[in-house]
Amino acid sequence: MRIRTLLALSSGAALGAATMYLLDPDHGQQRRREAGRYAVTQAREGSVRAALDAKRRAEEFALAAVSGYHEARALDRERP
């Protein structure tokens, strides 16, 4: 069996199982609610991580800019 065929078969089986799991008439509504809550939680955590990473990078860039400025000023003072 080719890898592409195996991948398509596996993907289809997983998608079908997930659909049956979430659309189950007895417990599907509760599962969808829990999945939605989980997705929102993950999105919040991801956005917080992204914001903290952006803040850290901005601080690094600012420190590098200040350091470069001071180095340039020192070089200008050394020149006659």
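Trainee: What is the accessible surface of the protein chain, and how much of it belongs to carbon and sulfur atoms?

Mentor: Keep in mind that this is a predicted model. The accessible surface of the protein chain is about 7300 Å², and carbon and sulfur atoms account for 62% of it.

Trainee: How many helices and strands does the protein chain have?

Mentor: There are two helices and zero strands in the protein chain.

Trainee: Why is the protein chain called more spread out than a compact globule?

Mentor: For 80 residues the globule rule gives 12 Å, whereas the radius of gyration of the protein chain is 27 Å, well over that value, so the chain is described as more spread out than a compact globule. The box filled by its C-alpha atoms, taken along the principal axes, is roughly 80 × 40 × 5 Å. Buried residues, those under 20% relative accessible area, make up 1% of the 80 residues.

Trainee: Which charged side chains does the protein chain have, and how far apart do the centres of the two sets lie?

Mentor: The protein chain carries 14 positive and 10 negative side chains, and the centres of these two sets are 6 Å apart.

Trainee: What makes the contact between Asp24 and Arg31 a salt bridge?

Mentor: A salt bridge needs a side-chain nitrogen of Lys or Arg within 4 Å of a carboxyl oxygen of Asp or Glu. The closest N and O atoms of Asp24 and Arg31 are 3.4 Å apart, so the pair meets the rule. By this rule the count comes to five salt bridges.

Trainee: Why is Arg31 called partly exposed?

Mentor: Partly exposed lies between the limits of under 20% for buried and over 50% for exposed; Arg31 has 23% relative accessibility, so it counts as partly exposed.

Trainee: How do you know that Asp53 and Arg57 are separated by about one helical turn?

Mentor: Asp53 and Arg57 are four residues apart in helix H2, which covers residues 28-78, so about one helical turn separates them. Their side chains meet in a salt bridge at 3.3 Å, N to O. Asp53, at 27%, is partly exposed, and Arg57, at 46%, is partly exposed too.

Trainee: What links Lys55 with Glu59?

Mentor: Lys55 forms a salt bridge with Glu59, with 3.0 Å between the closest N and O atoms. Both residues lie in helix H2, four residues apart, about one turn of the helix. Salt bridges that share partners also join Asp53, Arg56, Arg57 and Glu60 into one network.

Terms used:
Residues are numbered from 1 along each chain as its sequence is written. This is a predicted model: local features need pLDDT of at least 70, side-chain atom pairs count only at pLDDT 80 or more; totals for chains, interfaces and linings use all residues. Side-chain values use heavy atoms; hydrogens and water are left out. The radius of gyration is taken over C-alpha atoms; the globule rule is 2.2 Å times the number of residues to the power 0.38. Buried means under 20% relative accessible area, exposed over 50%, partly exposed in between (1.4 Å probe, protein chains only). Accessible areas come from the Shrake-Rupley method with a 1.4 Å probe; for residues, only the protein chains shown count as cover. Lys and Arg count as positive and Asp and Glu as negative; His and the chain ends are not counted. The place of a charge is taken as NZ of Lys, CZ of Arg, CG of Asp or CD of Glu.
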